[in-house]
Structures are given as structure tokens and as C-alpha cells.
Amino acid sequence: QGFPHQGHMDFVDNRIDQATGTMQARAVFPNPDHILVPGMFAQIQLLGEGPYEALMIPDEAIGADMAQRFVFVIDENNVHQRRPVVLGRVVDGLRIIRKGLNRNDRVVIKGIQRVRPGSPVNPQPADLAETPPAGKGDSQSTTPKPFGT
């Protein structure tokens, strides 16, 4: 269940096998209980960088066009603004936003199909844990959840 064993990479080959589309790597895991034995297969999660602070929002709040991913934020005058974002991985059902949002931004999480940039809105604050459907013409917004890995 999950990824209970911590380890580290100690070798990564610098070429990709053209026949299989794979590359060789080796990870080292402590194995004091001898649970891991030679020949076993396992699913691993490999994180490619160190800890960083990020903001998290539901995937449903993210829009896409041909060029980029974006979210709608509500400014201090209750007007929608489109904001490009850089996405990270999903953690506990929420998407990490690497760039593009500030801690105090109000993000539209429901009713984004009806959003038109520059249009006024009557925002209804929502909690990320409970997001009931928005009424017609209303948008629900939330402040991104801080996340430190």
C-alpha cells in the first residue's frame, strides 16, 4: 500500500535503448527485514527534484487551449482573469501548481465553462473538501491549498 520503503538512485544510464524505449537505472533500498528479494518486481515512485513549496487546486479548475494550461482567478473587483499556470504532479487528489498562482489568489473551481475573462461575477467561497455545484451564473472560488513537499 503506497510507497513505504525509502531509497535512492545510485546509477542512471545516459542512453535509451532504441528497441525497448527504456533506460537502465539502479536504486538502493534498505532491507533490514529481508522483504525485498532478488527477482522481485515492484512499483516505485521516483521524484526528480528536491523539496519545494507549491500551491494545490482541483484538476477540474484547470483549463487548456492549444498552447497552455490556465486557471481563472477572481480579482479584488470580482472580475474573472485568465492566468497561465505550470502544472506539477497530483498529490492527494489535488494538482500542484508550480508557477502562475499566488497564495492569496481566488481560483474558480466550479462553473468554469461559463467564465468569460473580464466579466463580473458573484463569487461563492468554497472549501476544497466540499465543493457543491454552483448556482446558475455564480462561480465558486477557493484559495489554493499550500503544499510543502
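The second largest pocket is lined by 10 residues, with Leu47, Gly48, Glu49, Tyr52 and Arg89 nearest its centre. Its volume is about 160 Å³. By class, the lining comprises 3 nonpolar, 4 polar and 3 charged residues. Here Ala, Val, Leu, Ile, Met, Phe, Trp, Tyr, Cys and Pro count as nonpolar, Asp, Glu, Lys and Arg as charged, and the others as polar. A pocket is an open set of points on a 1 Å grid where a 1.4 Å probe fits, with protein on both sides within 12 Å along at least five of seven lines; lining residues have an atom within 4 Å of a point. Volume is the space filled by probe spheres set on the points.

The model is predicted: local features need pLDDT of at least 70, side-chain atom pairs pLDDT 80 or more, while totals for chains, interfaces and linings use all residues. Numbering runs from 1 along each chain as its sequence is written, and side-chain values use heavy atoms, without hydrogens and water.

The largest pocket has a volume of about 940 Å³. Of its 26 lining residues, Ala27, Phe29, Gln43, Ile44 and Gln45 are closest to the centre. Strand 1 (8-12) and strand 2 each give two or more residues to this lining. Strand 2 gives the most, with 3 residues. Strands are DSSP runs of E, at least two residues long. The lining has 16 nonpolar, 9 polar and 1 charged residues.

Ile44 sits in the loop between strand 2 (25-28) and strand 3 (53-57). Ile44 and Phe29 also belong to a nonpolar surface patch, whose members include Met9, Val12 and Met40.

Methods: Patches are made of residues with over 30% relative accessible area and no salt bridge: like charges are joined within 9 Å, nonpolar side chains (Val, Leu, Ile, Met, Phe, Trp, Tyr) within 5 Å. Accessible areas come from the Shrake-Rupley method with a 1.4 Å probe; for residues, only the protein chains shown count as cover. A salt bridge is a side-chain nitrogen of Lys or Arg within 4 Å of a carboxyl oxygen of Asp or Glu. Helices (H or I, at least four residues) and strands (E, at least two) are DSSP runs, numbered from the N terminus.
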